[in-house]
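Look at the chain below before reading on. The report starts with the whole chain and then turns to a few places in it.

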Amino acid sequence: MRVVPCTAPATPCATCASGSASSAWPRPGPSCRRPRHRPPAGSSWAWRSAPPPEEEEAAEVGWQEKLFSQFEVDLYRSESACQTPLDRQYHEEILKLEKAGGRKNHRIFTYTDHDRFTNLEEHCLKVTDSDHEVPSYLAERMANVRRRRQDRRPMEASALKSKIITWEPTEEFIKNNHVINTPVQTMYIMGDLGPYGKLGHREYEHVLCTIKVDGNGVITVKPDFTGSKGAYRIELDGEKREVWKYTIENVSVQVQPEEEEREQCVFRDLYGRHKEYLNGLVGSEFEMILPGALRLFVNGEIVSAQGYEYDNLYVHFFLELPNQWSSPAFQQLSGVTQTCATKTVGWENMAYFCYPFTLDMFFTQGDESEDSLSQWPVLYFEVLSLDFWQRYRVEGYGSLVLPASPGLHVLTIPTWRPVELGTVAELRRFFIGGSPELEDITYVRIPSTFKGERLSRFGFRTETTGSVTFRLYCLQQSKAFLETSALRQRMQSVLDRLGDFSQQSSVYDVLEAFQRARRRMQEARESLPQDLISTSASTAHQLQEP
């Protein structure tokens, strides 16, 4: 790349003589971020200045190319001022420049990635443009964490798998991994805007352009190349209020098609090797499911329980798999939460469990007729309480049909418990614990062992208690999702019918209640005397006449 600054103190009528440069790169935005694996060979930037002629200056700068300022020339000319190996290297280079006739640049110079200015600039970086900004504690601590290119030794897949967690991290490890540590190399192109003949004062140094290249191959140029826009302006403080203008142009040599194709081949080979490396880390031990089958994976959490009478609650749950559903042999279909003391939140007593569980199920489709479709899995649960004397009480029963759609579902399920008539049962529950329990918890819905047409709960007395909140993350896997649209529609219809089963029971209950009410009305009508029915009919007919 090439940067063309045009630096000159401009009087009110001064103009910028920014030349037009042909750029090998596409037109960038306000902050240029181009994904490149490395700066192109021979990359440079150029700067050009405006009249008066004695102040006009142009420079072509390459990536990490060092151009010394007058201050650095005066500083490193003396060997006694050199303290580090880099200072001594600069001392030798300045001596060679003086033997060759001196430096060609005067106002334009650079700071590379290893210069002190780069460290100080990143350390003193402000969040706002306020002069009274006070850095926070985190900003002060993080100012020393520099994103530098780190030497990473290649590790085999077995070593990486065994060191996913670092149990005893060192201070250097914590310092390097506290933030997203993308290695970055930085370069600053500067301008010495001091009065003519008084160059070399640090207070007149200004940043003209900042170039950064990170480890992902992204080049950031700020400010952007000038292009068709006007020149950038820097207005100095002071009595004269001098205005300097400069332009930045990209003059990198355009990559030849053969070199670009060769580079693409190298990238493809590199990405292919990296893909094989990642496949070696992940492995290929994925379970494949049969065509027409469905895999349902649920990451669930019992979040909380609220509204119950006694304290120290825990939840016992299990999953019922209907016909055509199965689960792996190692899959646990039941579980018990920890005992949780309640706390008052608002007007209710809340018990926060945050108990995670995982369910993995498979559905194998049989006959395509609707009668042969299986039901959707149901999660049954009961809430119990345990007191100081190890007496437990049943606080409520409930059931949850697993959601038929993938994604996040937060469900609050109300519960009930059986009760007995009279005060003796409540006294027994209070003093010695114990309460009526369900012998078969699937009686909360329709038991799986029930084979009749109608399930009667006449005479069974219950009491509404609290509720339990579940958070479910559901994932579905099927080959039909990747096949033709017809097969996808077929699988979707199966899912819809499976999902609608959870609503069929409530719809059937409403229809049956309506039919029972209609039969009772007909029976009551038939039992009435005929003269009363005829009298009511004639009265209704007279009311309808005008």
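Predicted model: local features only at pLDDT ≥ 70, side-chain atom pairs only at ≥ 80, totals over all residues.

Residues are numbered from 1 along each chain as its sequence is written, and side-chain values use heavy atoms, with hydrogens and water left out.

**The whole chain**

The protein chain holds ten helices and 20 strands; helices (H or I, at least four residues) and strands (E, at least two) are DSSP runs, numbered from the N terminus. Of its 546 residues, 36% count as buried. Buried means under 20% relative accessible area, exposed over 50%, and partly exposed in between (1.4 Å probe, protein chains only). The accessible surface comes to about 34,800 Å², and 54% of that belongs to carbon and sulfur atoms. These areas come from the Shrake-Rupley method with a 1.4 Å probe; for residues, only the protein chains shown count as cover. Among contacts (heavy atoms within 4.5 Å) between residues at least 6 apart in sequence, 73% join residues at least 24 apart.

**Strand β5 and its partner**

β5 pairs with strand β6 (residues 184-192) in the antiparallel sense, over four bridges. Two strands pair if DSSP finds at least two bridges between them.

Asp115 sits in the loop between β5 (108-111) and α3 (116-123). It is buried, with a relative accessible area of 4%. Leaving out residues up to four places away in sequence, Asp115 touches Lys66, Leu86, Tyr90 and Thr110. The C-alpha atoms of Asp115 and Tyr188 are separated by 9.9 Å, and the two residues are 73 apart along the chain.

Gln476 lies in strand β20 (residues 462-477) and is buried, with a relative accessible area of 16%.

Both residues take part in polar contacts, listed below. A polar contact is a pair of N or O atoms within 3.5 Å; within protein, one must be able to donate a hydrogen and the other to accept it, and residues adjacent in sequence count only if both atoms are side-chain atoms.

| Polar contact | Distance |
|---|---|
| Asp115 side chain and Lys66 side chain | 3.0 Å |
| Asp115 side chain and Tyr90 side chain | 2.6 Å |
| Gln476 side chain and Ala404 backbone oxygen | 2.8 Å |
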